[in-house]
Amino acid sequence: MNLVITMSRRFGTGASLIAGELSEKLGVPVYDKAYIEHELQDSSFASETEIIKELASHPCIILGRCASEILKDQPNVFNIYVSADKEDRIQRIMKKESLSYDEAKKMLEDNDRKRSDYYYEHTGKVWGDVNNYHMILDTTKLGIENCAGILMKYFERVEII
């Protein structure tokens with residue numbers, strides 16, 4: 001099956017790590033903001049929407065960029081939202097970016113606000129609304145290291161893969 005996974009996430013949840021592990025297990029590429037913006041600059045695509053639709057013509061994982069909404073009518077798309085407790089995310093950002101608590105908290109709040117604004121601006125919907133996703137993963141409760149395995153077991157169980 002031409003499985004396309006979209007992964008929306010709060011900043012600092014570890015979603016990119018989950019996407020990377022899932023990519024290895026499924027043998028599909030991961031596309032993120034940097035890749036899509038690069039394609040927009042270096043190609044004949046007129047918009048991110050066009051790029052995302054083209055990427056989704058093959059199995060892949062797309063991080064963010066409102067892909068869940070852009071691809072909502074495609075039956076081969078599985079939309080995931082990754083969340084975590086705020087304190088857990090701050091600690092992860094502190095460690096990853098070598099920041100103080102206050103710096104990491106500000107970075108988290110700024111990023112979350114930007115993502116929420118971007119999502120609303122491009123979709124007219126509330127970012128993180130549970131009705132927009134097939135599955136929500138809480139990395140504080142489940143552990144980042146377990147999430148790709150949980151998804152793989154689910155995909156196997158429902159015979160998606």
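Tutor: Helices (H or I, at least four residues) and strands (E, at least two) are DSSP runs, numbered from the N terminus. The structure above is a predicted model, where local features need pLDDT of at least 70 and side-chain atom pairs count only at pLDDT 80 or more, while totals for chains, interfaces and linings use all residues. Residues are numbered from 1 along each chain as its sequence is written, and side-chain values use heavy atoms, with hydrogens and water left out.

Student: Which element gives the most to the lining of the largest pocket?

Tutor: A pocket is an open set of 1 Å grid points where a 1.4 Å probe fits, with protein on both sides within 12 Å along at least five of seven lines, and its lining residues have an atom within 4 Å of a point. Here α6 gives the most, 5 residues, and both β1 (4-9) and α6 (101-123) supply at least two. The lining has 15 residues in total, with R9, K33, R65, R115 and Y118 nearest the centre.

Student: Which residues lie nearest the centre of the second largest pocket?

Tutor: They are F11, G12, G14, S16 and K96, out of 14 lining residues. The largest share of that lining, 4 residues, comes from α5, and α1 (15-26) and α5 (86-97) each supply at least two.

Student: How many disulfides does a search of the whole structure find?

Tutor: A disulfide is a pair of cysteine sulfur atoms within 2.5 Å, and the search finds 0. The sulfur of C60 is too far for a bond, because the closest cysteine sulfur, in C66, is 16 Å away.

Student: Are C60 and C66 buried or exposed?

Tutor: C60 is buried, at a relative accessible area of 1%, and C66 also counts as buried, at 5%; buried means under 20%, exposed over 50%, and partly exposed in between (1.4 Å probe, protein chains only).
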